[in-house]
Amino acid sequence: MSHYLYYALTLGVYFFVYCLLGLGYNLQYGLAGINNVANYSFVAFGAYLAAVTTLGPSNSLVQSYILGTSIAWPLPLLVGAAAGALTSLVLGFIFLLRLRHQYQAIVTLVVAQVIWLLVGNNPGLFNGYNGLAGVPQPLESVVNLAPVPYEAFFVGITALCALLGFAFMRRVVRSPLGRVLRAIREDESVASCFGRNVFWAQMSAFIVAGTMAGLAGGLLVEYLGAWSPSGWSPYEGFVVIAALIIGGTANNIGAALGAFIVPVAIYELTGFIPPFGPVNAQTIDAFRWIAIGIIVLLFLWFRPQGVLPEPRRRFRLVDRILVGQEPIPGKGLFLSQKMHGSDATSVVTDETK
Amino acid sequence: MSIFVASLGFGLVTSAILALAALGFTLQAGMTNVVNLAYGDMMTAGAFAALVGQSALRLSLWPALVFGGVIVALLSFVTNRLVIRPFVARGTKSFQMIIVTFALGIILQYVIVMKWGENFYAYRGLSLSLFKWGSFELSYEQLTIVIMSVLLLGGFHVLVRYSRMGRALRAMADDKQLARACGVNVARLTDIVWLISGALAGVSGVALAINAGSFNEIFGANFMLIVVAAAILGGAGEPNGAMVGAVVVGFAMEVSTVWIAGSYSEVVALILLIVAVLVRPQGLVAGRGKWVLAQ
C-alpha cells in the first residue's frame, strides 16, 4: 500500500514543479509572446546553483564544481531562483532586443545548446557530462521522518511554491503590466505607439519566468538528488511547451491543467503499460514521446487555444467611451469581443490553394 | 602545419555535407516560410533508410545513399501534404509552426527508436584506404562525398538559374501572390520544393553517417543546429547563401580544432550563428535585402 502512496506523492512533486514551470512559461509565451523554445536552460541553472550551494566545498576526487558552499535550507532554493533570474537578464539582451518570430525561437534553441555544450565540456564548472550527485534532501535531519511522510512533506514544499507562483501570476495577469504584455503580444507596434517600453516589459516577464524556472530547478534537484546534462535538453523543454499548449495558453489554470495532463498523466501513466512481446522499457519510453508529439499536433489542429482558453476580458470603460453604451450583460459588445486574444484561429493567408 | 592542412581536408568534407543539408533547409524556409525543426530527424531517417536498403535490398554503399535520398524525399512530400500544408493554409502562427515541426521531429525520432533502439549502426562496404596528397588526406568515401556534393549543388544551381521551373521557383520565393497571378502553379512547386529538400536531407544524412563512421537515432538532430547555422549565416531562404554559409561554418568548425578542443567545434558554429543573427540578420548573401523569415 505504501508503495502506491509513495508513487502518488512522487507524482505530486512532479505535478507542482511542472505547475511552476508551466506558469512561468505561460507568462513569457502566453502573455508576453516571447518565442522561447529553450526554457529548460533556466531550470538547469537553478538546479546547478541550488545543488552547489547545498553540497559544500568541492572535492575534486569525487566531483568538481564551482562556488561550493553549504548554506541553510531555504537559501539554496532562493539562490537557484536568483540564478534563473540572472540568466534571464543576461540572455534577455540577446533574445528580446532585436529578434522576433522564428529568429527568436531559433536563437533561444541555439543559445541553450551552447550553454549545454559549455557546461558538459567543462568538468570544472558543474562536473561536466557526469553531473552533480549526492545532493541531500532539504531538512532531512531536522524533520527526521520515514520515507513516505517525508515525501508528503516535500510535496507540501513544492505545493507551497506552486501556490505562491499561482497567486503571483494571478496578480500579474490582472495588473497593468499584464495588460501591456497582452497588448505587446497582439501588436507590438501599437503598444509602443502608446508609449509602452516593449523591451523592458518583455524583459520583466522574461525575468519573472526565469526566476520561477530557477526555483523549479532548485526543487527538482533537491528532490532527485542529482543533475546532469543528460537530464536537460530541448526535449525536456518540449514537455513544458506541450503542457501549456494542451492545458490552455495564456490561462493560469490551463497551465496547471497542462502540468497534470502531460508530465503526470501521459508521461507517468504510460509507464503502466505492461511489457509484452516486443515491448520493453525503451519502446514504452519511445511510445510516450510519440504520444506527446501526436497529442500536441492534434491540439494545435483541433483546439489551438487549449482545453481552457484565455479568459475573455471586457473593459466596461472602453465600451462606454468608444461605443457609447453599457455592454449588454452576457452578450458584450463587438468591441470587447475583439479585445480578447485571438490566437491562430481564423487568419487565412494566401497559402490556401 | 600538417595538422592545419589535414583540418582543411576535414573542413572540405564537413562543408560539402553541410552545404547539401543547408540547401534543403533553406529551400523549405525560403519557399514555404517554415522553419523545419524536424529536418535533423529527416537526416537520421535517411541514414536508417539507407541501412534498410543495405540489409533488405542488398544494395552497396552508393545505391543505398540514393535509396535513402528517395525515401526521405517521399517522407518529406507526405509530411508536407498531411501536416505542414494544412497548418500553413490555416494561417497557423510562426511559433506554433515551429512547435508543429518540433513535434514531428520527436515523433520521427522515437519511431526510429521503436524500430532500432538507441544503438549505433554502421554501413557495410566502407573502404579504409586513404587518398593522400602531401599531408592532405581523405578516405575515398569522403572524396566521393565532396565530388557528389559539388555535382549536386552545381546541378541545382543550373536548375534554378536556367530552367523554366527554376525561374518559377525564384518568382515564388520573391512574391508568392505575384507568381500565382502570373500563372505559376504554386502548390505544385511547393510539393517539388519539399521533394527536393527531402532528398537533400536524406542524401546529406547518409553522407554524414558515412563520414562519421557510425550513427544513432539522434545524430541528425544533433547536427541540425549546425545546418541551421549554415543556412542562416548565408541568408535564410537564399540557396547560394546556404552554400557560402556551409563553407564558412564547415571550415570554421574543423580549422578551429587546430587551436581548441574538438568538442567545442559545434560551439564555434553556433556562436557564428548567434553573432550573424545579431549583427547581420539578412545573411552573408542577402539577395533580396529583406528578412525572408520574419513574418
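Is the crossing of α8(A) and α10(A) left-handed or right-handed? The crossing is left-handed, a term for a near helix turned anticlockwise from the far one by less than a right angle (right-handed if clockwise).

The model is predicted: local features need pLDDT of at least 70 and side-chain atom pairs count only at pLDDT 80 or more, while totals for chains, interfaces and linings use all residues. Residues are numbered from 1 along each chain as its sequence is written, and chains are lettered from A and ligands numbered from 1 in the order in which they are written.

**View 1. Helices α8 and α10 of chain A.** Helix α8 (residues 176–186) and helix α10 (residues 198–224) of chain A pack at about 115°, with axes 10 Å apart. This makes α8(A) roughly perpendicular to α10(A) (65 to 115 degrees). Axes are lines fitted to C-alpha atoms over the stretch in contact, and angles run from 0 to 180 degrees between N-to-C directions. Helices are DSSP runs of H or I, at least four residues, numbered from the N terminus.

**View 2. Residues where α8(A) meets α10(A).** A:Leu177, A:Val180, A:Leu181 and A:Ile184 meet A:Val198, A:Ala201, A:Gln202, A:Ser204 and A:Ala205. Contact requires C-beta atoms, placed from the backbone, within 7 Å.

**View 3. Surroundings of B:Ala269.** B:Ala269 lies in helix α11 (residues 265–279) of chain B. B:Ala269 counts as buried because 27 C-beta neighbours lie inside 10 Å; the cut-off is 20 or more other C-beta atoms within 10 Å, with C-beta atoms placed from the backbone. Beyond neighbours within four places in sequence, B:Ala269 is in contact with B:Ile226, B:Ala229, B:Val249, B:Ala252 and B:Met253.

Key. Helix = DSSP H or I, 4+ residues; strand = E, 2+ residues; numbered from the N terminus. Buried ≥ 20, exposed ≤ 12 C-beta atoms within 10 Å, placed from the backbone. Contact = placed C-beta atoms within 7 Å. Parallel < 35°, antiparallel > 145°, perpendicular 65-115°, else oblique.
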